[in-house]
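Me: Please take a close look at one part of this model, strand by strand, then set it in its surroundings. Give the cut-offs as you go.

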Amino acid sequence: MPENPSSHIAREIWERVAEGDETAFALLFQTLVPQLQAALGKWLPSSEGVKEVIQETFIRVWLNRDQLPGLEKPVNWIFRVASNESFTWLKKQTTRDRHYRQLAEQQSAYALHPEQDLGLQETAQLVRKALAQLPTQKRLIYELSREQGLKTAEIAEKLGLSHSHVRNALSSSLKFIREYLVAAGKVMALMAVFLRT
Amino acid sequence: MENQRILDLVQQYLSGGLDAGDKESLFAWLRAEENRETFVDTLYPLLMASLASQEPQTYQHEEWDEVLHQVLRSDRAAPVIPLRRRRWQWVAAAAVLLSGAVCWKFFYPTKPPTPVITQAHAIIPGGKRAVLTLSDGRRVTLDSASNGLVAQQGDAKVVKVDSGALAYTAAAKPGEAMYNTLATPKGGEYHLTLPDGSQVWLNAASSITYPTAFTGNDRTVTMTGEAYFQVAADAAKPFRVRVEGRQEVDVLGTQFDIKSYEDEPVLKTTLLQGSVDVLAGRQKTHPLAGQQTVLQTDGRLRLVTEPDLESAVAWKSGLFVFKNEDIPSIMRQISRWYDITVHIEGAAGDKTYTGQMPRSAPITDVLAWMEASGIHFRIKGNDITVQP
């Protein structure tokens with residue numbers, strides 16, 4: 001499919017996002033969100049829904065940031081994540097629907113299973129719990145990256161480690177966070193199909 | 001349940017028009033996790049198709065900045081903004097002060113933003129504007145012209161096919177060739193289809209002079225500024241692009257960009273596809289697809305085997321892409337598109353910057369980005385002075 005030029009993102013931006021550069025991520029967000037909003041709005045006529053789907057999508061993008069440069073078509077992957085999050089959101093709607101809830105109270109046939117309604121606060125809490133479980137050095141490296149805004153090269157210099165050691169540490173910490181979230185019931189899309197060959 | 005039907009039901013449900021029976025079926029289907037893949041496989045191609053065909057959209061700060069903020073907080077241990085303000089969080093606060101302007105920056109800010117930026121509202125980004133000069137010297141302003149026949153040049157018809165696009169229809173028996181010139185002002189861009197079907201995209205402050213019919217042994221056009229060419233194959237008539245007094249490109253069915261602004265230090269010819277010969281003075285170079293030639297100020301024609309293709313043709317995709325560019329270089333691009341005059345004081349031109357932004361971005365966004373990157377300036381009407 002021909003690319004919409006307005007959704008084009010320069011290679012450098014993906015690489016900076018992978019490094020944890022918030023400004024590059026902001027740029028990515030500002031470029032893609034309007035396009036994603038327009039496309040989603042066409043198929044999900046709920047502005048609240050679209051907002052939630054986009055928020056969840058970009059949380060996933062951010063938590064998968066180290067994987068982004070390895071994708072052949074990262075924009076396509078993001079849209080696939082959005083499709084996935086759309087299903088999750090619709091599923092949540094079924095529990096939010098009052099009529100459905102009433103039925104569930106009356107008839108066991110409609111019994112509700114506890115839904116993993118991972119709102120934003122819960123996601124952040126789970127991430128914090130995951131981080132608390134990291135070994136000391138990895139946790140320190142993550143903190144320096146996120147709390148202090150240091151670049152990987154700066155962290156390496158500060159701790160007397162190699163640049164690749166720091167990058168690998170951040171990458172494995174992100175992997176741990178993602179696995180922790182999956183174990184807690186949050187669905188995370190697979191990237192396999194989108195990886196660069 | 002049939003795939004497309006699911007989406008129809010979803011839309012009906014969200015619009016409130018679904019009866020209880022259908023709602024139960026839909027809900028049951030959605031609650032089955034095994035249906036996730038099917039749903040995604042149905043929705044994803046539709047989203048991609050929408051993306052491919054939709055118009056460019058504008059980012060609404062008021063609507064989305066808070067979401068962005070929340071996303072970036074998802075993996076922060078401390079829920080409260082620490083005392084030492086994070087780079088872009090400062091920027092987000094500043095964005096509110098600057099009435100919705102966005103700040104993209106790659107360096108720590110040195111000073112809080114000034115109110116200067118609000119004065120820049122009158123400066124608008126470029127658009128589809130050009131002036132056509134016919135063979136008799138008559139000038140037609142194309143922005144305001146309506147679609148349809150603009151002029152008749154001998155047997156050739158000159159038609160405005162759409163806003164921003166001009167086309168020449170080849171006459172059955174072309175008579176004597178007449179020359180027309182299409183020129184864009186600062187802040188203008190235009191698309192032209194030549195009588196042989198070749199396409200030209202003109203960037204701002206550029207021009208192209210061409211015959212209304214290619215009657216001779218070759219197809220020669222002359223240009224200034226920057227243009228992107230997609231040349232129709234015709235082995236019998238080689239296509240030649242001249243930049244008067246500096247360079248000539250001989251073409252064989254291909255796609256390339258020529259950036260020849262007088263105020264740029266070099267003349268760049270970037271070949272995307274096909275085959276060309278680049279001639280300058282007595283030098284001749286034959287770049288391959290994906291390569292670039294650079295005509296330097298000392299007259300030397302140099303071949304670049306791995307050029308930055310992305311930034312060379314980003315303009316055609318509606319983007320500015322800067323890669324390790326200094327302020328003078330960035331400001332030259334900005335001034336051509338926003339039709340402003342830029343002055344640079346002192347040693348403002350030392351650092352380099354990397355970033356991208358859509359050409360549709362208002363000047364307030366551009367200036368806010370620069371301000372937050374530590375570039376200071378003052379504005380007076382359409383004059384912007386960059387200060388050290």
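Reply: Chain B has 8 helices and 21 strands. Both are DSSP runs numbered from the N terminus: helices are H or I with at least four residues, strands are E with at least two. This is a predicted model, in which local features need pLDDT of at least 70 and side-chain atom pairs count only at pLDDT 80 or more, while totals for chains, interfaces and linings use all residues. Residues are numbered from 1 along each chain as its sequence is written, chains are lettered from A and ligands numbered from 1 in written order, and side-chain values use heavy atoms, without hydrogens or water.

Some totals come before the close look. Of the 388 residues in chain B, 51% are buried (under 20% relative accessible area; exposed is over 50%, partly exposed in between; 1.4 Å probe, protein chains only). The chain exposes about 17,200 Å², with carbon and sulfur atoms supplying 51%. That area is a Shrake-Rupley value with a 1.4 Å probe. Take the contacts (heavy atoms within 4.5 Å) between residues of chain B at least 6 apart in sequence: 50% join residues at least 24 apart.

Now the sheet. It is open, has 3 strands in the order β18-β21-β20 of chain B, and its pairing is mixed. Strands pair if DSSP finds at least two bridges between them. β18 (341–344) and β20 (376–380) of chain B are the edges; each has a single partner strand, so one side of each lacks a neighbour in the sheet. On average, neighbouring strands are turned by 20 degrees against each other, direction ignored. Helix α7 (residues 327–338) of chain B packs on this sheet and touches β18 and β21 of chain B. The direction of that helix makes about 165 degrees with that of β18(B). Axes are lines fitted to C-alpha atoms, for helices over the stretch in contact, and angles run from 0 to 180 degrees between N-to-C directions.

Next, the pairs. β20(B) and β21(B), residues 383–387, run antiparallel over 5 bridges. Arg378(B) stands opposite Thr385(B), and Ile379(B) opposite Ile384(B).

Elsewhere in chain B, Lys237(B) sits in the loop between β10 (219–230) and β11 (239–243). Beyond neighbours within four places in sequence, Lys237(B) contacts Phe214(B), Thr215(B), Gly216(B), Asn217(B), Asp218(B) and Arg219(B). Its C-alpha is 6.2 Å from that of Arg219(B), 18 residues away in sequence.

Last, the cores. A nonpolar core is a set of buried Ala, Val, Leu, Ile, Met, Phe, Trp, Tyr and Cys residues joined through side-chain atoms within 4.5 Å. The largest has 78 residues; Phe25(A), Phe58(A), Phe79(A) and Phe39(B) touch the most other members. Helix α2 (residues 22–43) of chain A gives the largest share, 12 residues. Among the residues that Phe25(A) touches are Trp62(A), Leu68(B) and Leu72(B). A second, separate core has 38 residues, including Val158(B), Val231(B), Val249(B) and Ile258(B).
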